[in-house]
Amino acid sequence: MTPLRAGILAAVVTLVADQASKLWLLNGFDLARRGVVKVMPFFDLVLAWNIGISFGWLQNDGQAAQLALMAVKIVAVIALAIWMARSQTRLATVALGLIIGGAIGNGIDRLAYGAVVDFALFHIEIGGDTYNWYVFNVADVAIVAGVAALLYDSFLGVPAAKAP
């Protein structure tokens, strides 16, 4: 399998896994009705609607703001796809595919719901105080893993094609 095919496969698998998990949690499992679902002592399922960007920054539910975020996301996905097509290493290409699949998955949420569906919450209790991580989803995990793999590849891998 060529690096480009591997990258496209990573994007498609990420997109399908992300959207399937969200559809199941929203419609099959009905997470909205169930509220917080304890899975492990350190992990819960909880429904959160993120109208901002990463980590909930720039929260704005106005239509102009949502359209601007979608426009930026479309330009970013196109630039990443060009980079992926030019990439010479399998790791960088798959990493870019993960990022593209995650970005498209979250973009579909914005179009369908006006916000990104987040549901995974890690937390820890220390001295009676609970510390929560950001609520996230499969697309977010793929994006973070893709960025980490790109960093690894850029520092320790064979030189990849430069970003456009």
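Which residue takes a positive phi in the hairpin of β3 and β4? G127 does, with a phi near 60°, and the hairpin has 2 residues between the strands.

The model is predicted: local features need pLDDT of at least 70, side-chain atom pairs count only at pLDDT 80 or more, and totals for chains, interfaces and linings use all residues. Residues are numbered from 1 along each chain as its sequence is written, and side-chain values use heavy atoms, leaving out hydrogens and water.

View 1. Helices (H or I, at least four residues) and strands (E, at least two) are DSSP runs, numbered from the N terminus. Strand β3 covers residues 116–126 and pairs with β4 in the antiparallel sense over 4 bridges. Two strands pair if DSSP finds at least two bridges between them. I126 stands opposite D129 in β4. H123 stands opposite N132 in β4.

**View 2. The open sheet.** This sheet has 4 strands in the order β1-β2-β3-β4, with antiparallel pairing. Its edge strands, β1 (37–40) and β4 (129–132), each pair on one side only. Neighbouring strands are turned by 40° against each other on average, direction ignored. Strands of a sheet pair through backbone hydrogen bonds.

**View 3. Helix α1 on the sheet.** Helix α1 (residues 3–28) packs on the sheet and touches β2 (43–50) and β3. Contact means heavy atoms within 4.5 Å. The direction of α1 makes about 80° with that of β3.

**View 4. Helix α4 beside helix α5.** Helix α4 (residues 90–113) and helix α5 (residues 138–156) pack at an angle of about 155°, with axes 8 Å apart. Axes are lines fitted to C-alpha atoms, for helices over the stretch in contact, and angles run from 0 to 180 degrees between N-to-C directions. The two helices, α4 and α5, are therefore roughly antiparallel (angles over 145 degrees). Among the residues in contact are L91, A95 and I99 of α4 and A142, G146 and L150 of α5. The contact residues divide into 15 nonpolar, 3 polar and 2 charged. Here Ala, Val, Leu, Ile, Met, Phe, Trp, Tyr, Cys and Pro count as nonpolar, Asp, Glu, Lys and Arg as charged, and the others, Gly among them, as polar.

**View 5. Helix α4 and its end.** Helix α4 has 24 residues and reaches 34 Å from its first C-alpha to its last, close to the 34 Å expected at 1.5 Å a residue. The expected span is 1.5 Å times one less than the number of residues. Just after α4, G114 takes a positive phi of about 80°.

How values were computed
Angles under 35 degrees count as roughly parallel, over 145 as roughly antiparallel, 65 to 115 as roughly perpendicular and the rest as oblique.
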